[in-house]
Amino acid sequence: MRKCRSSSGSFGLRAGFLIGLLALPAAADHIKDFHTALDGLRANNLSLVDKVFIKDASRDCADRLLALYEMGAFYHMGGDPKKSIEFFNTADDVAHEYEGRAIVSAGAAGRTTGAILVNDSVLKYEGSAYDKVMSRTINAINYMLQGDLEGARVEVRKAEEYQRLERERHQREVRQAPPRGTERARMDDPSVRATYGRMNDYVKNVRNSFENAFTYYLSSQIYLAQGEAGLNDAMVEIKKAYELAPHAPGVRSAYLEIAQAQSGFAYDQARALLRVADAEPAAPGAAAGSVVVLFESGLVPQMDEVKINLFAENKLYSLAFPIYNNFGTAQAPLAILAPGRTFTTTTILDTRTLAVKALQERMPGILTRGLLGAMAKGEMQQNAEKNWGPFGGLISKVATAVMTSADRRSWLSLPAEVQVARFKLDPGPSQLELRGPGLAGKVALDVTPGSLTFLVVRAFPGYQRIDVRTFPAGGGDLVAPRPEPPGIPPVVPAPILQ
Amino acid sequence: MNKHSLPLLGIAAIGLCLGCSGPVTTYGNAQATETVNADFGSTDLQMIADKMVASLVSSNRLQPDPADPGKPPLISVTRLRNETSEHIDTKSITDKIRTSLIKSGRVRFSALEMQGDLMNQYKIQGTMADTATAKTAGKQTGSKYILGGDISSIVKQTGKVKDVYYKITLQLTDIESAVIEWADDVEIRKDSVRRLFGS
């Protein structure tokens, strides 16, 4: 656990330098705290999560938003949606506060100065666009697991609204950007291209970091849980998911199913768009119940650091940039064994691509601050040598080398991938068996005609959790007073495989 | 000023400073316009309740129930459906409307939300109370109307300007005939502009 770093705005260069020194181990501390919390989750001891994150989460400091996101995700994974909602809703308020601050903010200007002199860890963690979308997406799952479909719909609307506003802002920026701006030119520098080439290749097909097909897919399923009333909204959302992931099997089958439920015309249109042969898919039985599997698999990778030290004119120019070197491997699917049939999840979201894309989008600013910082520190070394002699110069060079570090902070408890499956089961009791690498479990369901069951599975090495929530046919909206849900079917705990 | 008074003054000054450092709490006017941000707030809630109540009371659509003559009609309230992208406590809106309507004396309301508590009372009174005064289930008055609706929003943002539009629709339906006897909506538009300079 570390001390909450100040985020006071009215400080000058000297104060910025000092605060920067305090911020020095920020990313390393965050990664260490994250692993402590992870151990706590594996040991079913969420108090460790509180221990490492609650201090930052509850006061105005640079890492507050990051701590809130981590806590929300840990409580989500730990099976406490109520607490997870509290943290995500507070995170939402904090993010709003940051977004709404003055365009020319003394505090932000001071922190940027500090970031130039030291490193970007001085800056407030304001959250990447995908952080904001994913926090609302996970929160929608939290509300849904609590049986609160109205709350879940609010969250998916928030996610949709954020993605729309970001898309509009992005389009404005593209229109206003000069054809070859300084920052863009800097990204085209051969050394930068060589360093970040692998990362750029990894996300070359990713449109942006703020939109993802899973959020839209989840929205469509949450609208579907409303019954007939949610059909149109479900269609709108699945179309957006299809635009982003036209080849994802989960999206395609959901598109067809929603179109089929909507009308014969919509179904014909969808079949033509998806180029589906007449034979597939089989018309679902009207009396069947639907099961949606949301499989949150693995964890997003951590950022690494690229550090460059150059000696020129008796000055040390030190530069450090964040980079993703290790993207991890593709997550294995989850097999769901139903009586007489086996279903398999397919990937709908690779969160790693969003994380890498977000870093790529931030790189021009990071490069600019890094270069300005290197020049400012070079000047400081020269002044130190002039005022305090060679020893002062040496000390300032050592300080420059030590202080220069990349801001590697990112939300680490997000899943590496989200995979989905959707299938129908005949009414009556049904036993499902889940099998995946390092994951095994059984779920007993009591399927009623037209019901919609969500199976939320979270797994990463050393941890697994399965939660189930069923909504009755025709909409699961529970009006006040909200009765307790009919009960979560028993989940047979499986041995945790290390 | 003698030399002994200086330390006392110092202590008093420190005390004053410490006294000033705590949070300052004041009472505000609950009816005053609240413009902290563009999110749904107390002023919106009051505005909706006032306009809806005035509209319903002046509509002359409230008719006594022939099965319950001589008394103002009985209404059941359902929760407002929240179709916005904010977590709004819609129960506060319906509570405010219900309270204002009850105060008008034109209608009565069924305690739908208290059915659980009422059931407990029936059980307790059925075993513990004097049979002469014990209240039993199955004697509640049936409502003539049901009051319900929804609240939706559209959010637009261009640069530093955020525009939020809320629309709240309420309708009163005759339960027996399923005829919508009254409906009205209230529209609210709020803009928030990011300041150019600030802390």
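This is a predicted model: local features need pLDDT of at least 70, side-chain atom pairs count only at pLDDT 80 or more; totals for chains, interfaces and linings use all residues.
Some ground rules: residues count from 1 along each chain as its sequence is written, and chains are lettered from A in the order in which they are written. Local features need pLDDT of at least 70, side-chain atom pairs count only at pLDDT 80 or more, and totals for chains, interfaces and linings use all residues.

**Exercise 1.** Work out the strand order of the open sheet of 5 strands in chain A.

*Solution.* Start with the terms: strands are DSSP runs of E, at least two residues, numbered from the N terminus, and two of them pair if DSSP finds at least two bridges between them. Reading across, you get β7-β8-β2-β11-β12, with mixed pairing. Next, the edges: β7 (346-350) and β12 (463-471) of chain A each pair on one side only. Now zoom in on β2 (residues 289-297) and β8 (residues 417-425) of chain A, which are antiparallel over 9 bridges. Within this pair, Ser290(A) sits opposite Lys424(A).

**Exercise 2.** Is helix α7 of chain A mostly covered or uncovered?

*Solution.* Helices are DSSP runs of H or I, at least four residues. This one spans residues 129-145. A residue is buried if 20 or more other C-beta atoms, placed from the backbone, lie within 10 Å of its own. That holds for 17 of the 17 residues in α7(A), so the helix is mostly covered. After α7(A) comes Gly147(A), with a positive phi near 85 degrees.

**Exercise 3.** How many helices and strands does chain B have?

*Solution.* Chain B has 4 helices and 7 strands. From the N terminus, they run α-α-β-β-α-β-α-β-β-β-β. Finally, burial: 20% of the 199 residues in chain B are buried.

Conventions: The expected span of a helix is 1.5 Å times one less than its number of residues. A residue is buried if 20 or more other C-beta atoms lie within 10 Å of its own, exposed if 12 or fewer, and partly exposed in between; C-beta atoms are placed from the backbone.
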